[in-house]
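Reader: Could we go through this model together? I would like to begin with the backbone and then turn to the packing.

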Amino acid sequence: MNKSKEERLGVEPIPKLMLSLAIPSVIAQLINVLYNIVDRMYIGHIAEIGDIALTGVGLTFPIIMLISAFCSFAGAGGAPLASIQLGRGNREKAEKILGNCVSMLIFFSIVLTVFFMLFKRPLLYMFGASDNTIVYAEQYITIYLVGTIFVQFALGLNMFISSQGQAKTAMLSVLIGAVINIVLDPIFIFLFGMGVRGAALATILSQAVSAVWVVRFLLSSKSAFQIKRKNLRPDIALIGSIAALGISPFIMQATESAINIVLNSGLQKYGGDLYVGSMTILQSVMQLVVIPIQGFTQGVQPIISYNFGAGKFDRVKKTYRIMLAITFSVATILCILTTQFPEVFASIFTNKAELIALVGQVMPIFMAGIWIFGIQMGCQTTFLGLGQAKISLFIALLRKVFLLIPLALILPAVTHNVMGIYYAEPISDIIAASTAGILFLVTKKKILSQESLEKFG
C-alpha cells in the first residue's frame with residue numbers, strides 16, 4: 001500500500017491533514033445525499049401528481065434509512081477498528097475485520113430484501129400512507145429493494161476506504177454513482193415516462209456502479225488492506241467487537257427510521273397529507289444541513305483513530321478541538337440560513353403554493369435547534385474514533401429514543417395541535433447536544449490514556 005498515505009495520518013500537520021481528508025469526505029457525503037434528494041426534486045415537479053408522489057416517496061424513508069443503518073452497523077463498526085489496527089501496525093487484523101464486515105453486509109442484504117418485500121404494504125400504511133399516496137410509495141420501494149445488496153456494499157464498504165486515509169478515492173466511489181443517478185433520473189422519469197419507478201431504477205443502477213467501484217478497490221493492491229476469501233468466514237468474537245462499536249451509528253440511523261414513522265403518522269393524524277408532505281421537505285433540508293457536517297467528522301475520524309492507536313494523544317487532542325470548533329460554527333451558519341429563508345428551500349422540492357407556505361411556517365421551528373447539533377456530532381465522532389462503544393450508544397439513544405420520539409407523541413396529544421410535532425425536534429437537539437458536550441468534557445481525560453488504549457490488544 002500506499003504506506004506513505006497510511007503513515008501520514010500520524011505525522012502530517014493536523015490542519016493540513018484535516019483539510020485533505022475532510023474536504024473529499026464532505027463532497028462525498030453531499031454527493032451521496034443527492035441520490036435521494038435529486039429523486040425528490042424531480043418527483044416533486046412531475047405534472048399534476050408531483051406533491052402527492054413526493055409525499056408517497058417520503059413515506060419510504062423509514063425503510064431506506066433502516067437499510068442504510070445496517071450499512072453503518074458493519075461499516076462504521078468495523079472501519080474505526082481497522083484504522084486503529086493500522087495505527088498499531090497490525091495489517092492482518094485489519095483485513096480480518098474487513099472480511100467479516102463483507103460477510104455481515106451480504107447477510108443483511110438477503111434478510112432485509114426478503115422481509116421488506118413481504119411486508120412493505122402494511123408497513124407503508126403504518127408509516128402514514130393514505131389511499132392517495134400508497135401507490136407511489138409502493139412503486140418506489142419495490143424497485144429500490146431489488147438493489148439492497150448494492151446499497152450495502154456501496155455505503156458500508158466505502159467507510160473502509162476512508163478509514164485508511166484515502167478520502168479522495170472514497171469520494172470518487174460516491175461521485176461516480178451520483179453523476180449516473182443525476183443523468184438517469186430525468187431520462188427515466190420524464191423521457192421514458194416511468195415516473196416514480198424511474199427514479200427508483202436510476203438510484204439502484206447508480207448504487208450498483210458505486211458498489212462495483214468500491215469492491216474492486218478493496219480487492220486491489222492500492223488498498224491498505226484487501227478483501228480476502230479466508231477472512232470472509234465469520235469470527236464470532238470479532239463480529240461482537242464490530243457490533244459493539246457499530247451499534248451506536250446503527251441506532252443513530254435506525255432510530256431515524258422510527259422517528260420518521262412517529263412524525264409521519266402523527267402528522268397524518270393531526271394534519272393530513274399536506275403536513276406529511278411538509279415533513280418530506282423538512283427532512284430533505286435537514287439532510288442538506290447535517291450531511292456536510294457528518295462528512296467533515298467522518299473525514300476527520302481516521303486521524304483520531306490512527307493516532308489513538310499509535311499512542312499520539314496530543315495529535316488526537318488537537319484534532320478534536322479543531323473539529324468541534326468547525327462543526328459548531330458550520331451548524332450555526334446553516335441554522336441561520338434555513339430559518340431565515342424557508343420558502344427558498346421549499347421551492348426546490350415543490351411548486352405547490354400551499355405546501356411552500358406551510359414549510360415557510362414550520363421550518364423555522366423545526367430547524368431552531370440545529371445550531372448546537374454540531375457539538376453532538378463532533379463529540380459523537382470523537383467517542384466513536386476512540387472506540388468508546390457504550391458512550392456512543394448512549395448519545396445515540398438520548399436524542400432520538402429518549403427525547404424526540406416521546407416528545408413527538410406527547411406534545412401534539414397534550415396541545416391537540418399538529419405544531420407540537422415540529423417543536424419536538426429543536427427541544428431534543430438542544431438537550432441532547434448539551435448533554436453530549438458535558439459528557440465529553442467529563443470523560444475525555446480517562447478515555448485518552450494508555451490504559452484505555454491497551455484494552456484494544
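**Backbone, helices and rings**

Author: His416 is placed in the loop between helix 17 (389–415) and helix 18 (419–447); helices here are DSSP runs of H or I with at least four residues, strands are E runs of at least two, and both are numbered from the N terminus. This is a predicted model, in which local features need pLDDT of at least 70 and side-chain atom pairs count only at pLDDT 80 or more, while totals for chains, interfaces and linings use all residues. Residues are numbered from 1 along each chain as its sequence is written, and side-chain values use heavy atoms, with hydrogens and water left out.

Reader: What is phi of His416 near?

Author: Phi of His416 is near 55°, a positive value in a residue other than glycine. Most residues other than glycine have a negative phi.

Reader: Is His416 buried or exposed?

Author: His416 is exposed, at 68% relative accessible area. Buried means under 20%, exposed over 50% and partly exposed in between, with a 1.4 Å probe and protein chains only.

Reader: And Glu48, where does that lie?

Author: Glu48 is found in the loop between helix 2 (14–44) and helix 3. Its phi is near 75°, again positive in a residue other than glycine, and Glu48 is exposed, with a relative accessible area of 83%.

Reader: Which residues of helix 3 meet helix 12?

Author: Leu54, Thr55 and Gly58 in helix 3 meet Asp273, Val276, Gly277, Thr280 and Ile281 in helix 12, where contact means heavy atoms within 4.5 Å. By class, this contact has three nonpolar, four polar and one charged residues. Ala, Val, Leu, Ile, Met, Phe, Trp, Tyr, Cys and Pro count as nonpolar, Asp, Glu, Lys and Arg as charged, and the others, Gly among them, as polar.

Reader: At roughly what angle do the axes of helix 3 and helix 12 cross?

Author: The axes of helix 3 (residues 50–58) and helix 12 (residues 273–309) cross at roughly 65° and come within 9 Å. Axes are lines fitted to C-alpha atoms, for helices over the stretch in contact, and angles run from 0 to 180 degrees between N-to-C directions. Helix 3 is therefore roughly perpendicular to helix 12; that class covers 65 to 115 degrees, with under 35 roughly parallel, over 145 roughly antiparallel and the rest oblique.

Reader: On to the rings. How many aromatic pairs are there?

Author: The count comes to 15 aromatic pairs. Rings of Phe, Tyr and Trp (its six-membered ring) pair if their centres lie within 6.5 Å; planes under 30 degrees apart are stacked, over 60 edge-to-face and the rest tilted. Tyr140 and Tyr144 form a stacked pair, 6.2 Å centre to centre with 20° between the planes. Why are they about one helical turn apart? Because they are four residues apart in helix 6 (residues 134–146). Tyr140 is buried at 1% relative accessibility, and Tyr144 is buried at 3%.

Reader: What about Phe160 and Phe225?

Author: The ring centres of Phe160 and Phe225 are 6.2 Å apart and their planes lie at 90°, so the pair is edge-to-face. Phe160 lies in helix 8 (residues 158–162) and Phe225 in the loop between helix 10 (196–219) and helix 11 (236–270), so the pair ties together parts 65 residues apart in sequence. Phe160 is buried at 0% relative accessible area, and Phe225 is buried at 0% as well.

Reader: Which residues do ring pairs link into a cluster?

Author: Phe70, Phe73, Phe107, Phe108 and Phe250 are linked in this way.
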